[in-house]
Amino acid sequence: MRPPRRISGRRIPGRRILGLLAAAMALPGAALAQEVNLYSSRHYDSDRALYAEFTKETGIRVRLIEGDADQLIERIRNEGANSPADVFITVDAARLARAAHAGVLAPVQSQVIAGRVPEGLRDPGGTWFAVSQRARVIMYDKERGAPQGLTRYEDLADDRFRGMICVRSSNHPYNISLAASILAANGPERTEEWAKGVAANLARPPQGGDRDQFRAIPAGQCQLAISNTYYLAAFGASQRAEDQALFQRIGVIFPNQGQGDRGAHVNISGAGLVKTAPHRADAIRFLEFLVSDKAQEMFALGNMEYPAVPEAPLHPALTAMGSFRGEKVDAERTNTNAGPALQIMQRAGWR
(Lines give C-alpha, C1' and ligand atoms only; values in the text may rest on other atoms or scores of the structure.)
Protein backbone atom coordinates (compact mmCIF):
# COMPACT_ATOMS: atom_id res chain seq x y z
CA MET A 1 0.00 0.00 0.00
CA ARG A 2 1.36 3.45 -0.99
CA PRO A 3 1.94 5.69 2.07
CA PRO A 4 0.03 8.98 2.24
CA ARG A 5 1.91 12.13 1.16
CA ARG A 6 2.83 14.89 3.61
CA ILE A 7 2.06 18.58 2.99
CA SER A 8 2.92 21.18 5.65
CA GLY A 9 3.22 18.44 8.26
CA ARG A 10 -0.29 17.02 7.64
CA ARG A 11 -0.84 13.57 6.25
CA ILE A 12 -3.11 13.83 3.17
CA PRO A 13 -3.91 10.85 0.93
CA GLY A 14 -2.69 11.06 -2.67
CA ARG A 15 -6.23 10.93 -4.11
CA ARG A 16 -7.19 13.91 -1.93
CA ILE A 17 -4.24 15.90 -3.35
CA LEU A 18 -5.37 15.24 -6.91
CA GLY A 19 -8.84 16.41 -6.00
CA LEU A 20 -7.54 19.62 -4.45
CA LEU A 21 -5.40 20.38 -7.53
CA ALA A 22 -8.35 19.81 -9.85
CA ALA A 23 -10.50 22.14 -7.78
CA ALA A 24 -7.80 24.85 -7.80
CA MET A 25 -7.46 24.66 -11.57
CA ALA A 26 -11.21 25.15 -11.94
CA LEU A 27 -11.17 28.38 -9.92
CA PRO A 28 -11.19 31.63 -11.93
CA GLY A 29 -7.86 33.39 -11.65
CA ALA A 30 -6.10 30.36 -10.18
CA ALA A 31 -2.40 31.06 -9.77
CA LEU A 32 -1.31 28.12 -11.93
CA ALA A 33 0.83 29.75 -14.62
CA GLN A 34 -1.85 32.32 -15.50
CA GLU A 35 0.31 35.20 -16.62
CA VAL A 36 1.20 37.40 -19.57
CA ASN A 37 4.76 38.56 -20.18
CA LEU A 38 4.50 42.02 -21.68
CA TYR A 39 7.43 43.68 -23.51
CA SER A 40 6.53 47.38 -23.66
CA SER A 41 8.16 50.65 -24.71
CA ARG A 42 5.36 52.64 -23.04
CA HIS A 43 6.34 54.07 -19.64
CA TYR A 44 3.19 55.49 -18.04
CA ASP A 45 1.74 55.01 -14.56
CA SER A 46 -1.72 54.88 -16.13
CA ASP A 47 -0.66 51.75 -18.04
CA ARG A 48 0.30 50.02 -14.80
CA ALA A 49 -3.16 50.81 -13.45
CA LEU A 50 -4.63 49.31 -16.63
CA TYR A 51 -2.63 46.10 -16.18
CA ALA A 52 -3.78 45.88 -12.57
CA GLU A 53 -7.37 46.19 -13.74
CA PHE A 54 -6.85 43.31 -16.17
CA THR A 55 -5.48 41.15 -13.36
CA LYS A 56 -8.39 42.14 -11.13
CA GLU A 57 -10.91 41.11 -13.80
CA THR A 58 -9.24 37.91 -14.97
CA GLY A 59 -6.79 36.72 -12.31
CA ILE A 60 -4.05 36.76 -14.98
CA ARG A 61 -0.86 38.43 -13.78
CA VAL A 62 0.96 40.85 -16.10
CA ARG A 63 4.75 40.69 -15.90
CA LEU A 64 6.11 43.93 -17.38
CA ILE A 65 9.46 44.23 -19.15
CA GLU A 66 10.12 47.81 -20.31
CA GLY A 67 12.67 49.09 -22.79
CA ASP A 68 13.36 50.83 -26.09
CA ALA A 69 11.15 49.39 -28.84
CA ASP A 70 13.96 48.47 -31.24
CA GLN A 71 15.93 46.88 -28.42
CA LEU A 72 12.90 44.85 -27.34
CA ILE A 73 12.37 43.63 -30.91
CA GLU A 74 16.00 42.54 -31.08
CA ARG A 75 15.74 40.91 -27.66
CA ILE A 76 12.75 38.82 -28.77
CA ARG A 77 14.65 37.78 -31.90
CA ASN A 78 17.70 36.78 -29.90
CA GLU A 79 15.63 34.84 -27.37
CA GLY A 80 14.10 32.87 -30.22
CA ALA A 81 11.78 29.97 -29.40
CA ASN A 82 12.67 30.32 -25.71
CA SER A 83 11.48 33.92 -25.43
CA PRO A 84 9.15 34.49 -22.48
CA ALA A 85 7.50 37.39 -24.34
CA ASP A 86 3.77 37.07 -24.98
CA VAL A 87 2.78 40.59 -26.06
CA PHE A 88 4.71 43.50 -27.61
CA ILE A 89 3.52 47.10 -27.21
CA THR A 90 5.14 50.23 -28.63
CA VAL A 91 4.32 53.90 -29.17
CA ASP A 92 5.23 54.26 -32.84
CA ALA A 93 3.57 52.91 -36.00
CA ALA A 94 6.92 52.41 -37.75
CA ARG A 95 8.12 50.17 -34.95
CA LEU A 96 5.00 48.04 -35.17
CA ALA A 97 5.73 47.51 -38.85
CA ARG A 98 9.37 46.82 -37.96
CA ALA A 99 8.35 44.14 -35.47
CA ALA A 100 6.12 42.50 -38.08
CA HIS A 101 8.97 42.54 -40.64
CA ALA A 102 11.35 41.07 -38.05
CA GLY A 103 9.05 38.06 -37.82
CA VAL A 104 8.43 38.34 -34.08
CA LEU A 105 4.65 38.87 -34.30
CA ALA A 106 1.93 36.34 -35.11
CA PRO A 107 -1.42 37.13 -36.80
CA VAL A 108 -4.41 37.16 -34.47
CA GLN A 109 -7.89 36.46 -35.76
CA SER A 110 -10.14 38.13 -33.18
CA GLN A 111 -13.70 39.23 -33.81
CA VAL A 112 -13.45 41.38 -30.68
CA ILE A 113 -10.50 43.40 -32.01
CA ALA A 114 -11.79 43.54 -35.59
CA GLY A 115 -15.21 44.68 -34.37
CA ARG A 116 -13.91 47.54 -32.24
CA VAL A 117 -10.75 48.91 -33.90
CA PRO A 118 -11.33 50.63 -37.28
CA GLU A 119 -9.72 48.99 -40.29
CA GLY A 120 -7.26 51.86 -40.80
CA LEU A 121 -5.85 51.29 -37.32
CA ARG A 122 -5.15 47.58 -37.81
CA ASP A 123 -2.53 45.70 -39.77
CA PRO A 124 -4.27 44.04 -42.74
CA GLY A 125 -2.32 40.88 -41.89
CA GLY A 126 -3.56 40.89 -38.30
CA THR A 127 -0.13 41.18 -36.63
CA TRP A 128 -0.85 44.42 -34.75
CA PHE A 129 -3.56 46.96 -33.96
CA ALA A 130 -3.73 50.42 -32.39
CA VAL A 131 -4.70 50.83 -28.76
CA SER A 132 -4.48 54.65 -28.70
CA GLN A 133 -3.62 57.65 -30.87
CA ARG A 134 -1.83 60.97 -30.47
CA ALA A 135 -1.79 63.97 -32.81
CA ARG A 136 1.34 66.05 -33.49
CA VAL A 137 0.32 69.68 -33.65
CA ILE A 138 1.55 73.26 -33.74
CA MET A 139 1.20 75.29 -30.52
CA TYR A 140 1.24 79.05 -30.04
CA ASP A 141 0.76 81.77 -27.42
CA LYS A 142 -2.89 82.83 -27.14
CA GLU A 143 -1.79 86.14 -25.66
CA ARG A 144 -0.07 86.95 -28.97
CA GLY A 145 -2.84 85.44 -31.04
CA ALA A 146 -2.74 82.71 -33.70
CA PRO A 147 -0.07 83.46 -36.32
CA GLN A 148 -1.49 84.43 -39.67
CA GLY A 149 -0.96 82.05 -42.58
CA LEU A 150 0.04 79.07 -40.45
CA THR A 151 -2.40 76.29 -41.29
CA ARG A 152 -0.18 73.47 -42.60
CA TYR A 153 3.02 71.73 -41.50
CA GLU A 154 4.55 72.98 -44.72
CA ASP A 155 4.02 76.59 -43.55
CA LEU A 156 6.54 76.08 -40.73
CA ALA A 157 9.31 76.47 -43.31
CA ASP A 158 8.14 79.96 -44.35
CA ASP A 159 10.69 82.66 -43.53
CA ARG A 160 7.92 84.69 -41.87
CA PHE A 161 8.48 82.42 -38.86
CA ARG A 162 12.25 82.93 -38.69
CA GLY A 163 13.55 82.43 -35.14
CA MET A 164 10.14 81.42 -33.77
CA ILE A 165 10.05 77.61 -33.53
CA CYS A 166 10.91 75.28 -30.68
CA VAL A 167 11.11 71.54 -31.36
CA ARG A 168 12.91 68.51 -29.95
CA SER A 169 15.72 66.73 -31.82
CA SER A 170 15.21 65.26 -35.26
CA ASN A 171 16.16 61.74 -34.20
CA HIS A 172 13.17 61.28 -31.90
CA PRO A 173 10.51 58.90 -33.32
CA TYR A 174 7.80 61.58 -33.07
CA ASN A 175 9.70 63.90 -35.45
CA ILE A 176 10.89 61.07 -37.68
CA SER A 177 7.28 59.95 -38.10
CA LEU A 178 6.16 63.51 -38.91
CA ALA A 179 8.95 63.99 -41.46
CA ALA A 180 8.14 60.57 -42.97
CA SER A 181 4.60 61.83 -43.47
CA ILE A 182 5.88 65.00 -45.18
CA LEU A 183 8.11 62.85 -47.38
CA ALA A 184 5.21 60.64 -48.41
CA ALA A 185 3.05 63.66 -49.25
CA ASN A 186 5.60 65.89 -50.99
CA GLY A 187 8.56 63.80 -52.17
CA PRO A 188 12.26 64.09 -51.27
CA GLU A 189 13.13 67.45 -52.89
CA ARG A 190 10.28 69.42 -51.34
CA THR A 191 10.79 67.65 -48.00
CA GLU A 192 14.46 68.68 -48.02
CA GLU A 193 13.42 72.29 -48.67
CA TRP A 194 10.89 72.05 -45.85
CA ALA A 195 13.43 70.65 -43.39
CA LYS A 196 15.93 73.40 -44.29
CA GLY A 197 13.24 76.01 -43.74
CA VAL A 198 12.26 74.59 -40.34
CA ALA A 199 15.92 74.41 -39.28
CA ALA A 200 16.40 78.05 -40.32
CA ASN A 201 13.32 79.07 -38.33
CA LEU A 202 14.39 77.49 -35.04
CA ALA A 203 14.50 79.82 -32.06
CA ARG A 204 17.14 77.65 -30.35
CA PRO A 205 18.94 74.36 -30.96
CA PRO A 206 16.62 71.35 -30.49
CA GLN A 207 16.60 70.25 -26.87
CA GLY A 208 14.44 68.55 -24.26
CA GLY A 209 11.12 66.78 -24.69
CA ASP A 210 7.76 67.89 -26.03
CA ARG A 211 6.73 69.61 -22.78
CA ASP A 212 9.87 71.74 -22.90
CA GLN A 213 8.86 73.10 -26.29
CA PHE A 214 5.53 74.66 -25.32
CA ARG A 215 6.79 75.63 -21.87
CA ALA A 216 9.36 77.79 -23.69
CA ILE A 217 6.56 79.88 -25.26
CA PRO A 218 5.48 81.87 -22.16
CA ALA A 219 9.14 81.98 -21.12
CA GLY A 220 9.76 84.09 -24.25
CA GLN A 221 12.19 81.64 -25.84
CA CYS A 222 9.99 80.98 -28.89
CA GLN A 223 6.55 81.72 -30.29
CA LEU A 224 5.69 78.34 -31.84
CA ALA A 225 6.18 74.74 -30.70
CA ILE A 226 5.72 71.32 -32.26
CA SER A 227 4.37 68.81 -29.75
CA ASN A 228 2.00 65.91 -29.22
CA THR A 229 -1.44 66.77 -27.86
CA TYR A 230 -1.40 64.51 -24.80
CA TYR A 231 1.56 66.35 -23.26
CA LEU A 232 -0.38 69.62 -23.17
CA ALA A 233 -3.60 67.87 -22.12
CA ALA A 234 -1.79 66.57 -19.03
CA PHE A 235 -1.45 70.18 -17.88
CA GLY A 236 -5.17 70.67 -18.47
CA ALA A 237 -5.89 67.64 -16.27
CA SER A 238 -3.63 68.87 -13.47
CA GLN A 239 -4.99 70.30 -10.20
CA ARG A 240 -2.07 72.73 -9.94
CA ALA A 241 -2.96 76.36 -10.66
CA GLU A 242 0.28 77.01 -12.59
CA ASP A 243 -0.37 74.00 -14.85
CA GLN A 244 -3.90 75.16 -15.54
CA ALA A 245 -2.61 78.63 -16.36
CA LEU A 246 -0.17 77.20 -18.89
CA PHE A 247 -2.88 75.04 -20.45
CA GLN A 248 -5.18 78.05 -20.81
CA ARG A 249 -2.43 80.13 -22.39
CA ILE A 250 -1.27 77.68 -25.08
CA GLY A 251 -3.31 77.48 -28.28
CA VAL A 252 -3.38 74.52 -30.66
CA ILE A 253 -3.39 74.45 -34.46
CA PHE A 254 -4.41 71.16 -36.05
CA PRO A 255 -2.59 71.42 -39.40
CA ASN A 256 -3.64 70.41 -42.90
CA GLN A 257 -7.39 70.55 -42.29
CA GLY A 258 -8.35 72.16 -45.60
CA GLN A 259 -10.67 70.44 -48.04
CA GLY A 260 -8.77 67.71 -49.85
CA ASP A 261 -5.75 68.03 -47.54
CA ARG A 262 -4.40 64.96 -45.73
CA GLY A 263 -5.21 65.96 -42.13
CA ALA A 264 -3.14 66.35 -38.98
CA HIS A 265 -0.34 63.86 -38.47
CA VAL A 266 -1.39 61.01 -36.17
CA ASN A 267 0.82 58.34 -34.64
CA ILE A 268 -0.36 55.35 -32.63
CA SER A 269 0.46 53.08 -29.76
CA GLY A 270 -0.18 49.50 -30.76
CA ALA A 271 0.10 45.90 -29.64
CA GLY A 272 0.69 42.49 -31.14
CA LEU A 273 1.00 38.84 -30.15
CA VAL A 274 4.56 37.50 -30.05
CA LYS A 275 4.90 34.51 -32.38
CA THR A 276 6.49 32.28 -29.73
CA ALA A 277 4.15 33.37 -26.90
CA PRO A 278 4.24 30.69 -24.18
CA HIS A 279 0.86 31.88 -22.80
CA ARG A 280 -0.97 32.38 -26.09
CA ALA A 281 -4.55 32.09 -24.83
CA ASP A 282 -3.97 34.48 -21.91
CA ALA A 283 -2.08 36.85 -24.24
CA ILE A 284 -4.99 37.02 -26.69
CA ARG A 285 -7.34 37.63 -23.78
CA PHE A 286 -5.09 40.53 -22.73
CA LEU A 287 -5.01 41.95 -26.27
CA GLU A 288 -8.79 41.87 -26.42
CA PHE A 289 -8.95 43.58 -23.04
CA LEU A 290 -6.91 46.48 -24.45
CA VAL A 291 -9.83 47.43 -26.74
CA SER A 292 -12.51 46.94 -24.07
CA ASP A 293 -14.60 49.88 -22.84
CA LYS A 294 -12.69 49.92 -19.56
CA ALA A 295 -9.21 49.86 -21.08
CA GLN A 296 -10.01 52.44 -23.76
CA GLU A 297 -11.41 54.75 -21.12
CA MET A 298 -8.20 54.33 -19.12
CA PHE A 299 -6.05 55.17 -22.16
CA ALA A 300 -8.19 58.24 -22.84
CA LEU A 301 -8.73 59.54 -19.32
CA GLY A 302 -5.56 58.25 -17.67
CA ASN A 303 -3.00 59.36 -20.25
CA MET A 304 -4.98 61.92 -22.28
CA GLU A 305 -4.56 59.97 -25.53
CA TYR A 306 -7.15 59.67 -28.27
CA PRO A 307 -8.66 56.18 -28.00
CA ALA A 308 -8.50 53.67 -30.85
CA VAL A 309 -12.16 52.71 -30.41
CA PRO A 310 -14.29 55.56 -31.82
CA GLU A 311 -17.03 55.35 -29.16
CA ALA A 312 -14.62 55.71 -26.22
CA PRO A 313 -14.75 58.96 -24.21
CA LEU A 314 -12.22 61.78 -24.55
CA HIS A 315 -10.58 63.56 -21.68
CA PRO A 316 -12.14 67.05 -21.29
CA ALA A 317 -8.70 68.61 -21.78
CA LEU A 318 -8.52 67.05 -25.25
CA THR A 319 -12.09 68.08 -26.03
CA ALA A 320 -11.17 71.66 -25.09
CA MET A 321 -8.48 71.68 -27.80
CA GLY A 322 -11.11 71.14 -30.49
CA SER A 323 -11.90 68.47 -33.04
CA PHE A 324 -9.81 67.66 -36.10
CA ARG A 325 -9.43 65.32 -39.04
CA GLY A 326 -6.46 63.00 -38.76
CA GLU A 327 -4.14 61.74 -41.46
CA LYS A 328 -4.55 58.07 -42.32
CA VAL A 329 -2.10 55.90 -40.39
CA ASP A 330 0.19 53.94 -42.71
CA ALA A 331 2.71 52.01 -40.63
CA GLU A 332 4.41 50.37 -43.62
CA ARG A 333 4.94 53.68 -45.40
CA THR A 334 6.15 55.35 -42.21
CA ASN A 335 8.65 52.57 -41.60
CA THR A 336 9.91 52.75 -45.20
CA ASN A 337 10.32 56.53 -45.05
CA ALA A 338 11.76 56.74 -41.53
CA GLY A 339 15.43 56.35 -42.47
CA PRO A 340 15.37 58.73 -45.45
CA ALA A 341 13.34 61.27 -43.46
CA LEU A 342 15.91 61.34 -40.65
CA GLN A 343 18.76 61.75 -43.13
CA ILE A 344 16.93 64.67 -44.76
CA MET A 345 16.40 66.45 -41.43
CA GLN A 346 19.99 66.00 -40.35
CA ARG A 347 21.37 67.16 -43.71
CA ALA A 348 19.18 70.24 -43.35
CA GLY A 349 20.80 71.10 -40.01
CA TRP A 350 17.86 69.93 -37.85
CA ARG A 351 19.92 68.07 -35.24
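Tyr230 is buried, with a relative accessible area of 4% (buried means under 20%, exposed over 50% and partly exposed in between, with a 1.4 Å probe and protein chains only). The model is a predicted one: local features need pLDDT of at least 70, side-chain atom pairs count only at pLDDT 80 or more, and totals for chains, interfaces and linings use all residues. Residues are numbered from 1 along each chain as its sequence is written, and side-chain values use heavy atoms, without hydrogens and water.

Aromatic pairs were examined next. The structure holds ten of them. Rings of Phe, Tyr and Trp (its six-membered ring) pair if their centres lie within 6.5 Å; planes under 30 degrees apart are stacked, those over 60 are edge-to-face and the rest are tilted. Tyr44 and Tyr230 form an edge-to-face pair, at 6.1 Å centre to centre and 90° between the planes. Tyr44 lies in the loop between β3 (35-40) and α2 (45-58), and Tyr230 in helix α8 (residues 229-236), so the pair ties together parts that are 186 residues apart in sequence. Helices (H or I, at least four residues) and strands (E, at least two) are DSSP runs, numbered from the N terminus. Tyr44 is also buried, at a relative accessible area of 17%. Phe54 and Phe289 make a tilted pair, with 5.3 Å between centres and 55° between planes. Phe54 belongs to helix α2 and Phe289 to helix α10 (residues 280-289), so this pair links parts 235 residues apart in sequence. Both Phe54 and Phe289 are buried. One aromatic cluster is formed by Tyr44, Tyr174, Tyr230 and Tyr231.

Asn303 touches both Tyr44 and Tyr230. Asn303 sits in the loop between α11 (293-302) and β12. Asn303 is buried, with a relative accessible area of 9%. The side chains of Asn303 and Glu305 are joined by a polar contact of 3.0 Å. A polar contact is a pair of N or O atoms within 3.5 Å; within protein, one must be able to donate a hydrogen and the other to accept it, and residues adjacent in sequence count only if both atoms are side-chain atoms.

In helix α4 (residues 93-101), the residues Ala93, Ala94, Arg95, Leu96, Ala97 and Ala99 are buried. The buried residues of α4 pack against α3 (69-79), β5 (87-90), β6 (105-106), α6 (173-200), β11 and α13.

Pockets were then located. On a 1 Å grid over the protein atoms alone, a pocket is an open set of points where a 1.4 Å probe fits, with protein on both sides within 12 Å along at least five of seven lines; lining residues have an atom within 4 Å of a point. The largest pocket holds about 440 Å³ of space. Its lining has 25 residues, with Arg122, Asp123, Pro124, Gly125 and Trp128 nearest the centre. The elements giving two or more residues to this lining are α5 (111-116), β11 (266-274) and α13 (331-347).

The second largest pocket has a volume of about 310 Å³. Of its 18 lining residues, Gln133, Tyr306, Leu314, Phe324 and Gly326 are the closest to the centre. Here β7 (129-141), β12 (306-307) and α12 (316-321) each give two or more residues. The largest share, three residues, comes from β7.

Definitions and conventions
Grid points are joined across faces, edges and corners, and a volume is the space filled by probe spheres set on the points. Contact means heavy atoms within 4.5 Å. Lists of a residue's contacts leave out its neighbours within four places in sequence.
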